[in-house]
Amino acid sequence: MKISRNPDRRRFLRTAAGVAAIPAASCTRAGRRWRFLTDEQADTIGAICDQIIPPDQDPGAVSAGVVHFIDRQLKGHYAYLQDAYIKGVVEIEQAAQEKFGKRFSALASEQQLDLLREREKTAFFRMIADHAMQGFYGDPRHGGNRDFASWKMMGIPNPPVRGRQQHDLTKS
Amino acid sequence: MALEHVNAVVIGSGAGGGIVAKELAAAGMKVALLERGRWISPYECAKDDLRNQRTSVLGASFGPDDEERNPRVKVEKDGSEQIVYPSRGAYNNNAMCVGGGTASYGAMAWRFMPQDFRLKTTYGAVEGSTLEDWPITYDDLEPFYEQAEYEIGVSGDVVPDPFKGPRRKPLPMPPLPPNREYAVLRPAALRLGLHPFDIPMLRNSVPYGGRQACMRCRWCVGFACEVNAKCGTQNTVIPAALASGNCELRTEAIVKEIVLDAGGKARGVKYIDEKERLREQTADVVIVSCGAIESARLLLNSKSRLFPNGIGNNHDWVGRNLQGHAYTGANGLMPFDCYDDVGPGAGVAICDYNHGNKGLVGGGMLCNEFIRLPYQFLGRMPPWIPAWGKEHKDFVRTWYRRAVNVQGPVQEMPVFHARVEADPKVKDYWGVPVARMSGNKHPHTLEIADFMSRRAEEWLKEAGATRTWRRVPGDDLSAGQHQAGTCRMGNDPKTSVVDKHCRVHDVDNLYVVDASVHVTNGGFNPVLTIMAIAYWASHHLLKARS
């Protein structure tokens with residue numbers, strides 16, 4: 001478990017209580033990479049997210065931990081969206097097979113973009129695009145934005161300088 | 001065990017309730033202050049970009065934090081309805097904690113302008129709107145605005161604003177030094193012949209009230225202030241109320257209904273305490289300060305023989321005229337960095353377009369926006385950039401530090417059909433019918449918004465923006481953190497809910513003291529007006545009692 005920079009006590013307690021309540025489940029999960037997703041689902045979601053926020057001179061969605069973010073939220077605040085994710089992944093994998101005969105993640109970038117552009121207006125795509133943005137641009141404590149990847153990219157001072165005043169700027 | 005009778009029970013500890021509790025307690029009345037939420041300390045600031053009161057995609061950290069227990073129903077234009085939860089936009093959440101919205105707000109401290117209290121007289125009636133004058137004037141409230149500014153604490157410099165109402169005293173604290181956006185926007189406004197000045201803020205710019213000054217971090221609106229420099233009721237009047245020895249604050253107390261006696265006077269309230277026990281608190285006076293949505297809901301859920309449709313609602317005005325602010329403005333791309341990471345970000349405003357706009361009823365203030373945290377920034381992308389992919393990422397990388405946002409709250413035209421009801425089917429965890437919200441903005445509100453966004457765009461262009469785009473609101477219901485209007489103040493009991501001293505018509509010991517009583521909501525953030533009205537109502541309540 002990653003140590004959060006700024007733990008909120010109440011959430012910590014809630015998490016701690018949750019862990020205590022399901023010891024058996026945690027044991028069977030030992031060694032698994034994901035809390036909710038299967039490896040196949042995570043693979044598809046990663047491929048989609050890397051099109052939404054592609055890697056270039058800066059990290060893309062997957063290397064910034066966006067899949068971890070989504071996986072974690074699907075066992076947390078977004079638990080109510082579990083079905084939507086499973087269905088969305090199944091649908092796009094079926095389309096990948098029908099159209100190109102391969103898994104989505106194995107397709108060429110242009111083929112992936114074809115399938116995603118067709119789905120741009122669907123509820124599933126909008127949802128995953130928004131969640132990818134949250135994972136990439138949001139606070140790292142939620143599993144994404146690994147090593148402050150997006151904040152570095154945007155030039156946001158980290159850690160912030162506290163107590164700074166702009167005394168050199170005076171009213172014109 | 002029966003609870004000891006008190007002189008006053010105040011429901012809700014936000015901008016309105018916190019002040020009333022303190023004023024009454026300081027005058028020697030025994031007060032029970034009931035709050036649904038918890039007391040959140042500055043140490044819980046958390047600085048979590050995705051879980052705060054402005055961006056609540058992963059939860060509303062200032063409550064209601066238990067989503068499932070606190071649903072509401074939102075009715076869409078086509079009649080469809082959905083159950084909504086606090087972390088989602090359609091819920092129109094404000095906050096649920098000690099201090100209410102003041103614990104996490106951006107803290108702009110505006111006085112409404114004299115014309116804002118007399119819109120109908122100034123502009124005439126507006127078709128399809130319940131536009132009306134307030135039964136009180138700016139002059140009535142002026143001493144109480146001043147009291148709020150000094151007791152809660154306001155910094156800023158409004159002297160250069162020629163449009164403001166008369167005032168006896170300057171603000172108690174100077175403005176914070178300008179940040180880079182301010183330094184770019186202020187001269188541009190002057191070149192346009194406008195009248196820029198330093199936004200009044202309920203934020204310490206120097207040590208005040210026993211608390212330190214703002215340290216200028218980027219996590220301001222939506223967060224508790226880590227160094228307690230933001231001034232809310234939770235760190236000013238509520239501690240003072242408790243220190244008087246006359247006020248007891250009970251958190252996690254969920255009021256179900258107001259109880260009347262046989263004669264039609266309020267006897268007290270029934271509430272569920274933190275151990276989920278049903279309690280009854282009797283009181284001489286009951287003050288409802290739950291915010292425009294929950295105050296209306298509580299009145300509507302308090303039914304009796306005399307008030308079969310909810311207390312104070314015999315003329316069907318409770319819950320009506322729900323309004324907030326149609327936020328409008330523009331974004332601009334500058335040829336140089338404007339982001340200097342110096343919070344709170346918002347600093348310079350103009351009131352040139354609040355009134356006197358040709359063909360328009362009112363208008364609104366314009367100012368630069370608070371610091372846009374990275375995920376918030378994505379909500380302000382230009383229309384020519386795709387919503388995802390390489391171009392989207394490129395844009396964020398290139399322009400985040402160079403994008404400036406000017407925006408402001410449009411004074412809305414109140415509409416009768418924008419309303420809160422008690423839902424006939426859906427109940428909360430405690431079995432109380434939830435708030436059901438329906439209605440839309442008045443078309444003229446959108447016309448004003450369109451005009452204002454163009455003025456914002458001009459300002460940005462003059463400041464050097466090479467490319468700009470406007471951001472105008474849709475016509476869906478607005479309420480949110482600026483929610484107001486549902487228990488209108490007026491002299492005629494047939495067309496209003498409370499009198500000019502916030503007392504419910506027909507129930508002479510029941511008051512509503514929050515933005516519910518606003519007849520119109522100003523072209524400004526409403527909190528200082530809520531505070532001034534709380535002092536005004538307390539003053540008259542105490543006067544009537546003595």
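Colleague: Where is the place of Arg119(A) in chain A?
Modeller: Happy to show you, bearing in mind that this is a predicted model. Helix H6 of chain A covers 109-118, and helix H7 covers 123-137. Arg119(A) belongs to the loop between helix H6 and helix H7.

Colleague: Is Arg119(A) buried or exposed?
Modeller: The relative accessible area of Arg119(A) is 11%. Buried means under 20%. Arg119(A) therefore counts as buried.

Colleague: Which backbone oxygen lies 3.0 Å from a polar atom of the side chain of Arg119(A)?
Modeller: Let's look at the polar surroundings of this arginine. Its side chain has a polar contact of 3.2 Å with the side chain of Glu118(A). Arg119(A) also touches Glu91(A), Ile92(A), Ala95(A) and Phe125(A), leaving aside residues up to four places away in sequence. The backbone oxygen you are asking about, at 3.0 Å from a polar atom of the Arg119(A) side chain, is that of Leu115(A).

Colleague: On to chain B. How far apart do the C-alpha centres of domain 1 and domain 2 of chain B lie?
Modeller: The domain assignment gives domain 1 as 1-67 + 94-105 + 110-146 + 232-325 + 415-423 + 478-546, and domain 2 as 154-224 + 327-410 + 445-476. Their contact takes 42 residues from domain 1 of chain B and 40 residues from domain 2 of chain B. The C-alpha centres of these two domains are separated by 29 Å.

Colleague: Which residues in domain 1 of chain B lose the most area to domain 2 of chain B?
Modeller: Between domain 1 and domain 2 of chain B, about 3,400 Å² is buried, and carbon and sulfur atoms give 59% of that area. On the side of domain 1 of chain B, three residues together account for 21% of what that side buries. The three that lose the most area are Arg54(B), Trp110(B) and Tyr123(B).

Colleague: With which residue do the side chains of Arg54(B) meet in a salt bridge?
Modeller: Across the interface of domain 1 and domain 2 of chain B there are four salt bridges, along with 16 residue pairs in polar contact. For Arg54(B), the N to O distance in its salt bridge is 2.7 Å. The partner is Glu369(B).

Colleague: Which element gives the most to the side of domain 1 of chain B that touches domain 2 of chain B?
Modeller: The elements giving two or more residues to that side are helix H2 (119-123), helix H3 (138-153) and helix H10 (527-545) of chain B. By class, that side of domain 1 of chain B has 20 nonpolar, 13 polar and nine charged residues. The element that gives the most, with five residues, is H3(B).

Colleague: Does Lys47(B) count as buried or exposed?
Modeller: Lys47(B) lies in the loop between E2 and E3 of chain B, and its phi is positive, near 50°, in a residue other than glycine. Its relative accessible area is 4%. Since buried means under 20%, Lys47(B) is buried.

Terms used: Residues are numbered from 1 along each chain as its sequence is written. Chains are lettered from A and ligands numbered from 1 in the order in which they are written. This is a predicted model: local features need pLDDT of at least 70, side-chain atom pairs count only at pLDDT 80 or more; totals for chains, interfaces and linings use all residues. Side-chain values use heavy atoms; hydrogens and water are left out. Helices (H or I, at least four residues) and strands (E, at least two) are DSSP runs, numbered from the N terminus. Buried means under 20% relative accessible area, exposed over 50%, partly exposed in between (1.4 Å probe, protein chains only). A polar contact is a pair of N or O atoms within 3.5 Å; within protein, one must be able to donate a hydrogen and the other to accept it, and residues adjacent in sequence count only if both atoms are side-chain atoms. Contact means heavy atoms within 4.5 Å. Domain bounds come from an automatic or database domain assignment. Buried area is the accessible area (1.4 Å probe) that two parts lose on being put together, summed over both. Ala, Val, Leu, Ile, Met, Phe, Trp, Tyr, Cys and Pro count as nonpolar, Asp, Glu, Lys and Arg as charged, and the others, Gly among them, as polar.
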